[in-house]
2 protein chains.
Amino acid sequence: MTRVLVVEDEPGLRRALAINLRARQYEVAVAADGASALAAASRQPPDVVVLDLGLPDMDGTEVIAGLRGWSRAPIIVLSARAGEPDKVVALDAGADDYVTKPFGMDELLARLRAALRRSATAQDAPVVATEAFTVDLAAKTVKDRSGEPVRLTPTEWHLLEVLVRNQGKLVAHRQLLNEVWGPRYETENHYLRVYVAQLRRKLEADPSRPRHLITEPGIGYRFVVA
Amino acid sequence: MTRVLVVEDEPGLRRALAINLRARQYEVAVAADGASALAAASRQPPDVVVLDLGLPDMDGTEVIAGLRGWSRAPIIVLSARAGEPDKVVALDAGADDYVTKPFGMDELLARLRAALRRSATAQDAPVVATEAFTVDLAAKTVKDRSGEPVRLTPTEWHLLEVLVRNQGKLVAHRQLLNEVWGPRYETENHYLRVYVAQLRRKLEADPSRPRHLITEPGIGYRFVVA
DNA sequence: CCGCATCTTGACGCGTCCTTGATGCCGAGC
DNA sequence: GCTCGGCATCAAGGACGCGTCAAGATGCGG
């Protein structure tokens, strides 16, 4: 069954969305603020997210960034703000669609179907194997050479996932920090050093001579398979 | 380069769309009616389609169906009709997004970027190859003739990137310094000599006789592939 | 309320990179 | 032939970034 995460602080609308979606045989999880949305999403990864931008606790783009760090599930943004700049910011942050309140339930459902149709066809092989370890992006698991699972903390996994998804490409400090920690942490390069070091210690055969998690001095990091 | 097919019968809007898209480095094909749109799409498969529903010769959903028969390129629908049923019909027919006229150009461009981001398969590799080395702008990698990666420092890479982006064109000292070091360094021509020399030493077959990183005395530098 | 895992923050040594100066070369102009 | 300005090359210093270790904070589950 398709799992929808509804993030909406207004109780009435939240209920209405949940009822309508459940009536169409979707499995619905709800959250009233950004923090619980991210928690719920990590606990039960949704297939699509309906996200109200006007949340009490976090900026909407931070929620988008938090989700995009590890999930490609379509994000449909709801907002009372019809201004163009708001739409551009949300879409460029990683949202897939932007619906202005008030909206019709039929339209939202149609946009939801369109988003799901796309993501159904866009599934690529989410397993990447190196000589030292294997990453399964779908199952969110990492195994070492002998097949033993490797324990990663949530942040370690976020970071690894972003790097693996851009395999071969150089990912800038700024982009990594933005996708894993959010836009407000774009200058905290020290976080990267600490967590890259931890990943290397857990994954690389010789952590002091990394072969897959490569430093590009002054620019960022790169994951290479060979 | 990303190819956009614009299907719009109104000449003014068609021109405006084409101009704006070309200004953003998209490759634009235009069509004024459904039949020529389908013909153009089959001749030159687009990466994304911007489709006005109010065409003179065919119903919009027919055009969508005609495209969806063989192409998965995202379709962004433009329409003057804001009614919900129209949106639902178009989206369920296979459209990816529905924008109501009048719309802002920035919003359309943002929705276009969002659509393209999803169809990750449509990414051309912006790779520039010379006989001595190969530059991959997306992955930020440089390889020499034997395929070995070349290590560049951040400043070296930044400088090379600007030159390669303007391949064939002459880039003035002032512009290079401005883009790499910032506006306050526009007179530090010495920096350029040092770093161009380093790039030549790392990339050119015969650094003292450069064939790709060319000095234009008194003006600037130029990158040429052949 | 406590304990543990995780995240954040700090300090330090080391290596690399940026900046800057010195020197030689070449061509243009006098 | 000489001088001068722009360019190429080399070298050295100091600054900065990176890796590493470890000690507080923080938050979560029991």
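Me: What makes the pair formed by B:R151 and a phosphate oxygen of DNA strand C a polar contact?

Reply: A polar contact is a pair of N or O atoms within 3.5 Å (within protein, one must be able to donate a hydrogen and the other to accept it, and residues adjacent in sequence count only if both atoms are side-chain atoms). A polar side-chain atom of B:R151 lies 3.2 Å from a phosphate oxygen of DNA strand C, so the pair falls within the cut-off. This is a predicted model, in which local features need pLDDT of at least 70 and side-chain atom pairs count only at pLDDT 80 or more, while totals for chains, interfaces and linings use all residues; side-chain values use heavy atoms, without hydrogens and water. Residues are numbered from 1 along each chain as its sequence is written, and chains are lettered from A and ligands numbered from 1 in the order in which they are written.

Me: Which distances to phosphate oxygens of DNA strand C do B:T153 and B:T155 show?

Reply: For B:T153 the distance from a polar side-chain atom is 3.0 Å. For B:T155 an N or O atom of the side chain is 2.4 Å away.

Me: How many residues surround DNA strand C, and what makes a residue count as near?

Reply: A residue is near if one of its heavy atoms lies within 4 Å of the strand. DNA strand C has 18 such residues around it, and A:T153, A:T155, A:Y191, B:T155 and B:Y191 are the closest. Of the DNA strand C atoms that come within 4 Å of the protein, 68% belong to sugar and phosphate.

Me: Why is the pair A:R113 and B:D92 called a salt bridge?

Reply: The term asks for a side-chain nitrogen of Lys or Arg within 4 Å of a carboxyl oxygen of Asp or Glu. In A:R113 and B:D92 the closest N and O atoms are 2.7 Å apart, so the pair qualifies. Between chain B and chain A the count is seven salt bridges. Helix 4 (84-93), strand 5 (97-100) and helix 5 (105-118) of chain B each give two or more residues to the side that touches chain A.

Me: What is the area buried between chain B and chain A?

Reply: Buried area is the accessible area (1.4 Å probe) that two parts lose on being put together, summed over both. For chain B and chain A this comes to about 2500 Å², with 46% from carbon and sulfur atoms. B:E84, B:R111 and B:R118 supply 20% of what chain B buries against chain A, more than any other three residues.

Me: Why are strand 7 and strand 8 of chain A said to pair?

Reply: Pairing requires at least two bridges found by DSSP. Strand 7 (residues 133-136) and strand 8 (residues 141-144) of chain A have four, in the antiparallel sense, so they pair. A:V135 has A:V142 as its bridge partner.
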